[in-house]
Amino acid sequence: MIDKEDILKVFDNLNKKYFQNLLYRPIFDWETFSTDEIYASFDSFGRRIIFNRTCGKLNNEVILIEVLLHEMVHINLYEKYNDKKDHTDEFWQELKILYDKEFHGNGEKLIEMQKKLCRNWA
Ligand SMILES: [Zn+2]
């Protein structure tokens, strides 16, 4: 199981790299979700990113980065609009830009996968 220190390190790194350190640090929590297909979820009210305790895939750093960037775009858009708008076109556009940079132009591919598994990316 990844721990908070590891997540914080990756989060801070991504925040610096892509958000000029402007994103607030959310609280990182673990809960047991109804299915291990769900990796994480952003709780705007509690300013938390909740990871699925049963999702072992989060131990992989590449997947952790993918998941964190997804949730960080939620934080960013939520801060902009003060309203939780889920997977809008703007959301996917912003995420694609980050994925293209982080994953060497593979943004489109990753986004397509996530859209298919949309319920897994809350
Ligand atoms: Zn989402």
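The model is predicted, so to speak of local features a pLDDT of at least 70 is needed, side-chain atom pairs count only at pLDDT 80 or more, and totals for chains, interfaces and linings use all residues. Residues are numbered from 1 along each chain as its sequence is written. Helices (H or I, at least four residues) and strands (E, at least two) are DSSP runs, numbered from the N terminus.

**Helix H2**

- Helix H2 covers residues 61-81, and its 21 residues reach 30 Å from first C-alpha to last. That is close to the expected 30 Å, taken as 1.5 Å times one less than the number of residues.
- Buried residues of H2 include Leu 64, Val 67, Leu 68, Leu 69, Met 72 and Ile 75; buried means 20 or more other C-beta atoms within 10 Å of the residue's own, exposed means 12 or fewer, and partly exposed lies in between, with C-beta atoms placed from the backbone.
- His 70, Glu 71 and His 74 are also among the buried residues of H2.
- The cover over the buried residues of H2 includes helices H1 (4-19), H3 (89-102) and H4 (107-116), along with strands S2 (40-43) and S3 (48-52).

**H1 against H2**

- The axes of H1 and H2 lie 11 Å apart at an angle of about 55 degrees; axes are lines fitted to C-alpha atoms, for helices over the stretch in contact, and angles run from 0 to 180 degrees between N-to-C directions.
- H1 is therefore oblique to H2 (under 35 degrees is roughly parallel, over 145 roughly antiparallel, 65 to 115 roughly perpendicular, and the rest oblique).
- Val 10, Phe 11, Leu 14 and Phe 19 of H1 meet residues of H2 including Leu 64, Leu 68 and Met 72, where contact means C-beta atoms, placed from the backbone, within 7 Å.

**H3 against H4**

- The axes of H3 and H4 come within 8 Å and cross at roughly 135 degrees, so this pair is oblique.
- From H3, Trp 92, Leu 95, Lys 96, Tyr 99 and Asp 100 meet Gly 107, Glu 108, Leu 110 and Ile 111 of H4.

**Positive phi**

- Most residues other than glycine have a negative phi.
- Arg 47, in the loop between S2 and S3, has a positive phi near 50 degrees. Arg 47 counts as partly exposed because it has 13 C-beta neighbours inside 10 Å.
- His 104, in the loop between H3 and H4, has a positive phi of about 50 degrees. With 8 C-beta neighbours inside 10 Å, His 104 counts as exposed.
- Asn 82, which follows H2, has a positive phi near 50 degrees.

Notes
Contact = placed C-beta atoms within 7 Å.
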